[in-house]
Amino acid sequence: MQNNIFILVGFIQIILIVFMQWQSFISTTIKTFDLSSWILGIFLLVIGIINGESTLIILAILTILTRAIFIPRYLLKTIKRDIWRVRETKNPLGVSQSIIISICLALFSYGLYSIALSDSGSVLESIPITLMLQGAFLIISKSNAYNQLIGYLVMENSIFLFGYIFSGLPFIVEAGIVLDILGIVLVSSIIMRLRKENIDNEEELYG
């Protein structure tokens, strides 16, 4: 039963990242990631409660607080201050292209699982592998730093799903990943603000 729920959650995560890939408005991408983080956090929380795993419950709460509440709201607030960050400068992928690439990534992930991880006896590993590859594709296919940051966060989501499959992963590593994300967001925000200030200074200098 839990594996079936895991497959459903993984499928929803993949659908949401595909939706992000053809979006041009950054705010829509952030809100979609917000939704995916809520789904992931609630899934971990429910499984933790059912199995009586306190570490999984704590991880779920940290996931909801950081990835579903703090990070999306922080990013959206930053966008409102700087209107130039609202849109992706590259042309977003079309629906058909996103679906084709996602199918190819899913097939590649299953092939990778069959070669390297089939001894574990479960096909579940192919889901977080697919999610990680799609997060990487979001990074390389977009030019906006916000979209690229969301791509990294999607890859982190896949690590949490791996943590569910391989329950022996130390909790301190999982919790550390959550806290590291906060640092990534803050540092990225500082870098983007410095980049904007440099652009403004150049415009004043040559304008």
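**Exercise 1.** Which helix gives the largest share of the lining of the largest pocket, and how many residues is that?

*Solution.* The model is predicted.
- Step 1: List the main suppliers. α1 (2-21), α4 (95-116) and α5 (126-141) each give at least two residues to the lining of the largest pocket.
- Step 2: Pick the top one. α1 provides the largest share, 7 residues.

**Exercise 2.** Describe the largest pocket by volume, lining and residue class.

*Solution.* 
- Step 1: Start with the volume. The largest pocket holds about 300 Å³.
- Step 2: Count the lining. It consists of 16 residues.
- Step 3: Find the centre. G10, F11, I14, A106 and T130 are the lining residues nearest to it.
- Step 4: Sort by class. The lining contains 11 nonpolar and 5 polar residues, with no charged ones. Gly counts as polar in this sorting.

**Exercise 3.** State how many helices and strands the protein has, and give their order.

*Solution.* 
- Step 1: Count the elements. There are 7 helices and 0 strands.
- Step 2: The order is α-α-α-α-α-α-α.

**Exercise 4.** Work out how the protein divides by burial, contacts and surface.

*Solution.* 
- Step 1: Take burial. A residue is buried when its relative accessible area is under 20%. Of the 207 residues, 44% are buried.
- Step 2: Take contacts. Consider those between residues at least 6 apart in sequence; 74% of them link residues at least 24 apart.
- Step 3: Take the surface. The accessible surface is about 10,600 Å². Carbon and sulfur atoms account for 69% of that surface.

Methods: Residues are numbered from 1 along each chain as its sequence is written. This is a predicted model: local features need pLDDT of at least 70, side-chain atom pairs count only at pLDDT 80 or more; totals for chains, interfaces and linings use all residues. Side-chain values use heavy atoms; hydrogens and water are left out. On a 1 Å grid over the protein atoms alone, a cavity is a set of points where a 1.4 Å probe fits but cannot get out, and a pocket is an open set with protein on both sides within 12 Å along at least five of seven lines; lining residues have an atom within 4 Å of a point. Grid points are joined across faces, edges and corners, and a volume is the space filled by probe spheres set on the points. Helices (H or I, at least four residues) and strands (E, at least two) are DSSP runs, numbered from the N terminus. Buried means under 20% relative accessible area, exposed over 50%, partly exposed in between (1.4 Å probe, protein chains only). Contact means heavy atoms within 4.5 Å. Accessible areas come from the Shrake-Rupley method with a 1.4 Å probe; for residues, only the protein chains shown count as cover.
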